Amino acid sequence: MKYLTFIMVLLLLVSCSPSHQEYKIPVYVWLSGPGEATDDEINEQFTDLYAKGIDGLMYNGGQNPETYRRVGRIAKKAGLEFYAWIPTLMQGKNSEIDKSWYAVNGKGESAFDKPAYVNYYKFLCPNRPEVYHFLSKLYTSVAAVDEVDGIHLDYIRFPDVILARGLWDKYGLVMDREYPQYDYCYCDQCVNDFKNKTEIDIRSVEDPSQIKEWKQYRYDLITDLVNLLADDIHAMGKKINAAVFPGPDSVAKKIVRQEWDKWTLDAFYPMHYNDFYLEGPEWVGAMTREGIEALEGKAPLFSGLFICPDPEKKSEEKDPENHGLLPEEIGAAIRVSMENGAAGICLFTPGRMIDAHWKEFDKAIRIDYSDHK
Ligand SMILES: [Zn+2]
């Protein structure tokens with residue numbers, strides 16, 4: 001009898017969620033909130049996303065665990081996986097963070113006082129034990145919330161020593177090489193630790209970009225921090241994943257020093273934002289392939305897709321932040337991601353999708369690409 005009840009409940013559940021019954025690739029989204037939204041409004045939004053074929057959220061709701069409890073409850077009710085998306089090394093003014101923990105550039109300027117490119121580029125030094133303790137406390141407090149499936153790291157990197165090609169005009173820069181004002185971290189601790197390890201005084205080197213050990217040293221600082229945080233979250237029985245730059249070799253290592261194939265995470269979400277690199281949707285496939293080969297099956301890769309919010313105005317729009325995939329491009333970007341080994345995709349953001357995007361998306365996510373790999 002109990003078995004029969006179980007079957008009936010199962011049938012009821014199945015009939016309530018028609019959109020997830022047919023074959024569909026896994027889809028995640030990056031989403032921020034909740035702002036002033038009421039529970040009903042959030043519920044309506046999440047129910048709509050689920051009906052459109054979304055499986056889970058990378059949800060950016062600040063640093064308060066109670067926000068994730070409230071929103072997470074609604075996400076679970078809607079049938080969605082729920083990850084807390086909280087920036088890692090980029091941290092604004094905070095009473096728990098000492099000014100001395102911020103990274104220092106090659107000119108000796110603190111990222112707190114004189115951030116690169118934009119005012120919010122206040123990055124912490126990954127080499128400070130205090131920084132690790134701050135982040136560990138933050139992430140474990142959020143991961144302790146029952147409704148949270150895991151932690152999604154972002155800005156887990158150095159500031160861009162070279163900006164993506166598509167951003168040069170926006171900032172009026174020609175980034176033909178590494179310049180000291182964008183190159184981190186030259187704080188006393190990083191400089192001294194590196195000297196103890198290699199006997200190289202990096203401050204006295206004319207062109208630090210030529211020193212291989214200095215590059216590797218900084219890849220390792222990020223890798224070590226990620227893996228410590230991963231241990232903390234895994235010890236709680238929760239998952240941890242990250243948004244990373246494409247590659248790792250062709251972009252991530254070069255411009256933000258992420259050697260992410262060495263990170264012990266449960267999944268990777270490379271931001272395959274082709275327009276930032278002046279590339280078309282096919283490039284997404286090449287980047288997916290590179291990531292899959294680097295990971296060697298250690299963890300799944302979800303291909304991050306950047307959506308154009310106003311397709312009609314794209315050609316006259318100067319700011320690359322407003323570029324992205326057009327409705328007629330989204331199907332190709334999904335196809336090349338899946339054909340090159342992605343486990344699924346992640347959209348930045350559902351709010352940027354217009355009806356024409358959703359229409360093409362709906363067709364593309366229901367194709368079984370496994371024959372084309
Ligand atoms: Zn440092």
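This is a working chat about a predicted model of one protein chain.

User: Quick overview first. How many helices and strands are in the chain?
Analyst: The predicted model has eleven helices and eight strands.

User: What radius of gyration does the chain have, and what would a compact globule with 373 residues have?
Analyst: The chain has 21 Å. A compact globule with 373 residues would be near 21 Å, so the two agree.

User: And the box along the principal axes?
Analyst: The C-alpha atoms fill roughly 75 × 45 × 40 Å.

User: How much of the chain counts as buried?
Analyst: Of the 373 residues, 56% count as buried. The accessible surface comes to about 17,100 Å². Carbon and sulfur atoms hold 51% of that surface.

User: What share of the contacts comes from residues 24 or more positions apart?
Analyst: Such pairs make up 75% of the contacts with a separation of 6 or more.

User: Switching to charges. How many salt bridges does the count come to?
Analyst: The count is 28 salt bridges. One of them joins Arg-366 and Glu-22, at 4.0 Å from N to O. Arg-366 sits in the segment after helix H11 (355-364), and Glu-22 is in the loop between helix H1 (2-16) and strand S1 (27-32), so the pair ties together parts that are 344 residues apart in sequence.

User: What does Asp-183 pair with?
Analyst: Asp-183 forms a salt bridge with Arg-257, and the closest N and O atoms are 2.9 Å apart. This pair also links distant parts of the chain, 74 residues apart. Asp-183 is in the loop between helix H5 (168-171) and helix H6 (188-198). Arg-257 is in the loop between helix H8 (252-256) and strand S6 (267-270).

User: Are Asp-183 and Arg-257 buried or exposed?
Analyst: Asp-183 is buried, at 5% relative accessible area. Arg-257 is buried too, at 1%.

User: Next, Glu-282. Which residue does Glu-282 bridge to?
Analyst: Glu-282 bridges to Arg-335, with the closest N and O atoms 3.6 Å apart. Glu-282 is in helix H9 (residues 282-295) and Arg-335 is in helix H10 (residues 327-339), 53 residues apart. Glu-282 is partly exposed at 48% relative accessible area. Arg-335 is partly exposed at 31%.

User: Which residues do salt bridges with shared partners join into one network?
Analyst: Glu-178, Asp-183, Arg-218 and Arg-257.

User: What about Lys-238? Where does Lys-238 lie?
Analyst: Lys-238 lies in the loop between helix H7 (212-234) and strand S5 (239-244). Lys-238 is buried, yet has no salt bridge.

User: How far away is the nearest side chain of opposite charge, and why does Lys-238 have no salt bridge?
Analyst: That side chain is Asp-146, 5.3 Å away.

User: Then what does the Lys-238 side chain reach?
Analyst: The side chain of Lys-238 reaches the backbone oxygen of Ala-143 at 2.8 Å. Leaving out residues up to four places away in sequence, Lys-238 touches Ala-143, Val-145, Asp-146, Val-148, Asp-149 and Ile-233.

User: Which residues other than glycine have a positive phi?
Analyst: Among them are Tyr-155, with phi near 50°, and Leu-278, at about 55°. Tyr-155 is in the loop between strand S4 (150-154) and H5. Leu-278 is in the loop between S6 and H9. At 58% relative accessibility, Leu-278 counts as exposed.

User: Why flag these features?
Analyst: Because most residues other than glycine have a negative phi, and most peptide bonds are trans.

User: Last one. Where is Ala-51?
Analyst: Ala-51 lies in helix H2 (residues 39-51). Ala-51 counts as partly exposed, at 46% relative accessibility.

Key:
Residues are numbered from 1 along each chain as its sequence is written. This is a predicted model: local features need pLDDT of at least 70, side-chain atom pairs count only at pLDDT 80 or more; totals for chains, interfaces and linings use all residues. Side-chain values use heavy atoms; hydrogens and water are left out. Helices (H or I, at least four residues) and strands (E, at least two) are DSSP runs, numbered from the N terminus. Buried means under 20% relative accessible area, exposed over 50%, partly exposed in between (1.4 Å probe, protein chains only). Lys and Arg count as positive and Asp and Glu as negative; His and the chain ends are not counted. A polar contact is a pair of N or O atoms within 3.5 Å; within protein, one must be able to donate a hydrogen and the other to accept it, and residues adjacent in sequence count only if both atoms are side-chain atoms. Contact means heavy atoms within 4.5 Å. The radius of gyration is taken over C-alpha atoms; the globule rule is 2.2 Å times the number of residues to the power 0.38. Accessible areas come from the Shrake-Rupley method with a 1.4 Å probe; for residues, only the protein chains shown count as cover.
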